[in-house]
Amino acid sequence: MTARLGVILLVHTAFDRAEQVARHWARAGCPVVIHVDRAVPRARHDAFARALSDEARIVFSRRFRCEWGTWSLVAATQAAAETLLSRFPDVGHVYLASGACLPLRPVEELIDYLAARPETDFIESATTAEVPWTVGGLHEERFTLAFPFAWKRQRRLFDAYVELQRRIGRRREMPDGLVPHMGSQWWCLTRETLAAILRDPNRAAHDRFFRRVWIPDESYFQTLARRHARRIESRSLTVSKFDYQGRPHIFYDDHLTLLRRSRCFVARKIWPGADRLYDAFLTEAAGRAGRAEPDPARIDRLFAKGAERRTRARPGLWMQSSFPAEGRETSVTAAPYTLLHGFAELFEGFEAWLAATTGARVHGHLFAPERAEFADGATVIEGALTDSAALRDANPKAFLTSLIWNTRGRHQCFQFGPRDDQSLNWTIAQDPNARIAAVTGAWAVPLFRSGRPAAEVRAEAAHLQAVEADHLKVLRSPWTAARIRVWSMAEVVATPAQALRTVLSDMGAPEAAEPEMPRLVDLEGFGAFLQELKNQGMHPYLTGDFPTGPASQRAAPRPPRKPYVVREP
């Protein structure tokens, strides 16, 4: 005669679903012992018990008030196990589950699976050094320190008492030479192993020690099974997944195919409203997989991918779980883009020329003080981004990342200069998607063309040069990841086509045809203007060297050299 499978259900909520699952186990011939959290009102408990009173295989155990992370969960499991072993002497294996667990395969398949392994205990059990899933920083300390306070309900006392014990160097010793092991709360033990744990001559000492262990439901049976089991397979037959914060994943209706792929016998934790899952799996042919071995690894890849997506998001897309934690993003932005510094000031019709030549969307100064200068004079673009400076400046990084995300598929380019908001200098410099081409000193061109005397613009010129110098320090940093090109204005004036071809190449423009280059703005007298700034006590060194004599038409500068910053990502 095949030994029967007994089931323990720990229930504290969703009693209608717990009733469905309990009847499903019982119809397959499994005796079921239910523990109902003592925190559940008496009237609710009695109604639940009456609803199941017609099923002789279902009984209830002594109730305990259960609280996460405390001994109460172990005490509830012990009480239910003792009831099961005493009331049903023909039970061969005991399966621990909760009211939120759902069988994924016919119970008969599980019974046959266990009957073929009559001496095997299925319980995840690993030493503290080998467990990668604990979250919260307590590994060995959950055994060496004492935890009389509840982590959820008495957090301040919990943390204070842990800190106190660390300071005084407290270290509790495991009783009776036990080696601490940890693992999933959800196990399936043989009758012999479970009975040996409950009848251990040193049980009183074991229980006394584990009463002060943190989260003992993940270590009590896992540790003692190592002492009493004949053969342990260190795995759970219940598929349960946890997120990066240690909280259990909840399965919904759209996880139906995923759960079937796992071939596991039971899943936890199921949303009570998942009608499709309950209807699909609580049927005779539900999840039929024959003799297939449970294989939760088949869905591990999807959970790992989901966890990475949740914690790091997609490149360039900020989301609730990855914001505002710096450094979690896989990339600052979603696609390559170009920042041009000084070109629009130096070349006539530069923005229109660049757009026509490359096919990119070429904006003006997106971070200008007055407004975001979108291409073609637009006031609103994709993603409902407006040209409002106030909205943009409330979160400049979000503005940039949203713009690149919402316009991905078409290269975005914008102008930048020392008059613009500088708060994103480091963000852009460290973004591998950024292409930065800067002409230093071009801020002087608008001042020169304004017709204002040098004495009047001296302070403004000094300020703009100081701002640009700070930006150049960022671009020269070894921590930058953007592709960076920097020329002085004098170098670009000497060989303008060279700098423009470099910009086109970095933007991915086709090289087959030689484009017609835009004209330099009229710089007659520019050298004299710079000299007058010097005479006023301001030294415009970032422009490069321009002759100051009367023949300095378009300022013949010194011979060019290579860009002094060329950084490939």
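This is a predicted model: local features need pLDDT of at least 70, side-chain atom pairs count only at pLDDT 80 or more; totals for chains, interfaces and linings use all residues.
Residues are numbered from 1 along each chain as its sequence is written, and side-chain values use heavy atoms, with hydrogens and water left out.

Let's start with helix H9, which covers residues 220-228. Helices here are DSSP runs of H or I with at least four residues, strands are runs of E with at least two, and both are numbered from the N terminus. In H9, Tyr-220, Phe-221, Gln-222, Thr-223, Leu-224 and Ala-225 are buried. Buried means under 20% relative accessible area, exposed means over 50%, and partly exposed is in between (1.4 Å probe, protein chains only). What do these buried residues of H9 pack against? Their partners include helix H3 (72-87), helix H7 (191-198), helix H8 (203-210) and strand S10 (231-233).

Take a look at H7 and H9 together: they pack at an angle of about 105°, with their axes 9 Å apart. Axes are lines fitted to C-alpha atoms, for helices over the stretch in contact, and angles run from 0 to 180 degrees between N-to-C directions. That makes H7 roughly perpendicular to H9, a label for angles of 65 to 115 degrees. On the H7 side, the contact (heavy atoms within 4.5 Å) is made by Thr-193, Leu-194, Ala-196 and Ile-197. H9 brings in Tyr-220, Phe-221, Leu-224, Ala-225 and His-228.

Now for a sheet. Three strands form an open sheet in the order S5-S12-S11, with mixed pairing; two strands pair if DSSP finds at least two bridges between them. Strand S5 (102-103) and strand S11 (238-239) are at the edges with a single partner strand each, so one side of each has no neighbour in the sheet. S11 and strand S12 (residues 266-267) run parallel and are joined by two bridges. Within that pair, Val-239 sits opposite Ala-267 in S12.

Next, find Arg-260 in helix H10 (residues 256-262). Is Arg-260 buried or partly exposed? Arg-260 is partly exposed, with a relative accessible area of 44%. Apart from neighbours within four places in sequence, Arg-260 is in contact with Ala-280 and Phe-281. The C-alpha atoms of Arg-260 and Phe-281 are separated by 9.3 Å, although these residues are 21 residues apart along the chain.

Note on methods. Angles under 35 degrees count as roughly parallel, over 145 as roughly antiparallel, 65 to 115 as roughly perpendicular and the rest as oblique.
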